[in-house]
Amino acid sequence: MAHSAVSQVSVAVPVGSDSSIRRSVFKAHTLSFCGTLRAPVLTLDLSTKNARSKKGYTICMSVQQANAPKVAVSPLQLEDAKEPPLNTFKPKEPYTATIVSVERLVGPKAPGEVCHVVIDHGGNVPYWEGQSYGVIPPGENPKKPGNPHNVRLYSIASTRYGDSFDGRTASLCVRRALYYDPETGKEDPSKSGVCSNFLCNAKPGDKVKITGPSGKIMLLPEDNPNATHIMIATGTGIAPFRGYLRRMFMESVPTYKFGGLAWLFLGVANSDSLLYDDEFSKYLRDYPDNFRYDTALSREQNNKKGGKMYVQDKIEEYSDEIFKLLDEGAHIYFCGLKGMMPGIQDTLKRVAVERGESWEEKLSQLKKNKQWHVEVY
């Protein structure tokens, strides 16, 4: 990667008049590679002194970055480690990080709220794609008075370089957990998810205690840059896959030039519930030979039997191709609520039987070959 000539200007980008979208401030870097002028790359301006809001101008981080060419990242020393960082900060001594931004990801017709939370860790809590952070919400544990809350784990939704490409931030994809009384149908705030509501309500500058990073099962195997990766997500289970895909298609990483196939299946309720859709649609346009993207919208689409379309129905639709890719060594990943797995396993088992194969034997072989990666919660 040649050194880039950088000029900085503050920009406000008009993207419609929906004032409900959070306003953020970005810097545009006009990058020049080997004398070739590229389009401006938008990165979040973390310095509060430059923060300003202009009426009628809104900006969505993921949309704007998805429209940029490949972005130079730093520090490249983050590529040097041979093993992933693990549990750098433990629950008894967490790291105090700072909230950079909280952005609503879903449209008005989505059931529930999902937020994109960017956290500044100052480069002190490095991680790899596919790992998780623990978050300790403020306050005391009601079951253990005088003690802090238990750690809540969240899959990290950014690459090791973060959304600002400088190795100083991490992003989380958080669904606000609300509780509705089954008899009255009314929300009961006393039973709302403590940590998810803390994160979704957070303001820039708020402090957040984090632990980790943790997890090795969802690490992206990079020994073969031409491998096939089949990713199956429901809802916020998209988090690790956003990190993988940004590394493959958005960032210019000298040590990792992806030339394989990434195939994403995302299951959500409806179109308004799609997460990071602009990023994924952009990769589809820019890398049609290397990226496939299929969505299952349970409240808008029907499966071939006339029932709701779930992610396992999409898998069944493409089962011959998926089984062939697995036989050729593809990695397959599952992330989301644990309730997703029985339906998926049943579908895979049924398909295997139809093909005259034993699913138990096939699954055993996939696990033995380290092709099978599951993180559900």
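Buried means under 20% relative accessible area, exposed over 50%, and partly exposed in between, with a 1.4 Å probe and protein chains only. The model is predicted, so local features need pLDDT of at least 70 and side-chain atom pairs count only at pLDDT 80 or more, while totals for chains, interfaces and linings use all residues. Residues are numbered from 1 along each chain as its sequence is written, and side-chain values use heavy atoms, with hydrogens and water left out.

**Exercise 1. Backbone exceptions**

Task: Classify Tyr276 and Lys370 as buried or exposed, and state the phi of each.

Solution. 
- Step 1. Most residues other than glycine have a negative phi, and most peptide bonds are trans.
- Step 2. Tyr276 has a positive phi, near 60°. Tyr276 sits in the loop between strand 13 and helix 4; helices (H or I, at least four residues) and strands (E, at least two) are DSSP runs, numbered from the N terminus.
- Step 3. The relative accessibility of Tyr276 is 3%, so Tyr276 counts as buried.
- Step 4. Lys370 also has a positive phi, about 60°, and belongs to the loop between helix 8 (359-368) and strand 16. With 63% relative accessibility, Lys370 counts as exposed.

Solution. 

**Exercise 2. The largest nonpolar core**

Task: Which residues touch the most other members of the largest nonpolar core, and where does this core lie?

Solution. 
- Step 1. A nonpolar core is a set of buried Ala, Val, Leu, Ile, Met, Phe, Trp, Tyr and Cys residues joined through side-chain atoms within 4.5 Å.
- Step 2. The largest core has 39 residues, and Ile238, Phe241 and Leu245 touch the most other members.
- Step 3. Elements supplying at least two residues each include strand 11 (228-234), helix 3 (239-249) and strand 13 (261-268). Helix 3 contributes the most, six residues.
- Step 4. Domain 1 (76-214) and domain 2 (228-376) both give residues to this core, so the core lies between them; the domain bounds come from an automatic or database domain assignment.
- Step 5. Contact means heavy atoms within 4.5 Å. Beyond neighbours within four places in sequence, the contacts of Leu245 include Met231, Ala262, Phe280 and Phe291.

**Exercise 3. The largest pocket**

Task: Which residues lie nearest the centre of the largest pocket, and which strand gives the most to its lining?

Solution. 
- Step 1. On a 1 Å grid over the protein atoms alone, a pocket is an open set of points where a 1.4 Å probe fits, with protein on both sides within 12 Å along at least five of seven lines; lining residues have an atom within 4 Å of a point.
- Step 2. The lining has 41 residues, and Arg175, Thr234, Gly235, Thr236 and Leu337 lie nearest the centre.
- Step 3. Strand 8 gives the most to the lining, with four residues.
- Step 4. Domain 1 and domain 2 both give residues to the lining, so the largest pocket lies between them.
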